[in-house]
Amino acid sequence: MKIFKLALAGLMLAAAISPASEVPTPEHVKWMKDLGAQMGAIRKGADVQKNAQDMQATLKLVGAFWKARNSEVAMKSCGESFKGAKAVAEAGDNKEAVMAGMKMIGAGCKGCHDAHREKISDTENRFK
């Protein structure tokens, strides 16, 4: 019994010290897939303005999610991506402006992923 208590105490200490990864909510997974599809469509030149506007709507949801979790990094990243999506939506046929907006989107995504995304496998990610 004493060994069991020591083992349990050790596990509890390890859990308290090491940050646990968290499984993303189904809504968050959907938003990330939506953003990926929107980004892919913009890269292909498919209905760029609509996809950029849809991306802004999705980023509002993602921003609210991370605001509730008090993540300044994620909020800043969402804001940067949102500004990029807005720039793309307003760029019209100006390819240079579209590319500049896409760079902003990519930088925002990277900032959040670097801070909060833990890759478990080729198909699974968790929150750090």
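## A buried threonine

Let's start with T58, which is found in helix α3; helices here are DSSP runs (H or I) of at least four residues, numbered from the N terminus. T58 counts as buried because its relative accessibility is 7%, where buried means under 20% relative accessible area with a 1.4 Å probe, protein chains only. Leaving aside neighbours within four places in sequence, T58 is in contact with W31, D34, L35 and Q38, contact being heavy atoms within 4.5 Å.

This is a predicted model, in which local features need pLDDT of at least 70 and side-chain atom pairs count only at pLDDT 80 or more, while totals for chains, interfaces and linings use all residues. Residues are numbered from 1 along each chain as its sequence is written, and side-chain values use heavy atoms, leaving out hydrogens and water.

## How α3 meets α4

Helix α3 (residues 48-68) packs with helix α4 (residues 72-90) at an angle of about 165°, their axes 8 Å apart. Axes are lines fitted to C-alpha atoms over the stretch in contact, with angles from 0 to 180 degrees between N-to-C directions. That makes the pair roughly antiparallel (angles over 145 degrees).

Among the contact residues are M55, L59 and W66 of α3 and C78, F82 and V88 of α4.

## The nonpolar core

The largest nonpolar core has 22 residues, and I42, M55, W66, V88, M102 and I105 have the most contacts inside it. Such a core is a set of buried Ala, Val, Leu, Ile, Met, Phe, Trp, Tyr and Cys residues joined through side-chain atoms within 4.5 Å. Helix α3 gives the largest share of this core, seven residues.

Terms used:
Helix = DSSP H or I, 4+ residues; strand = E, 2+ residues; numbered from the N terminus. Parallel < 35°, antiparallel > 145°, perpendicular 65-115°, else oblique. Buried < 20%, exposed > 50% of the residue type's maximum accessible area, 1.4 Å probe, protein only.
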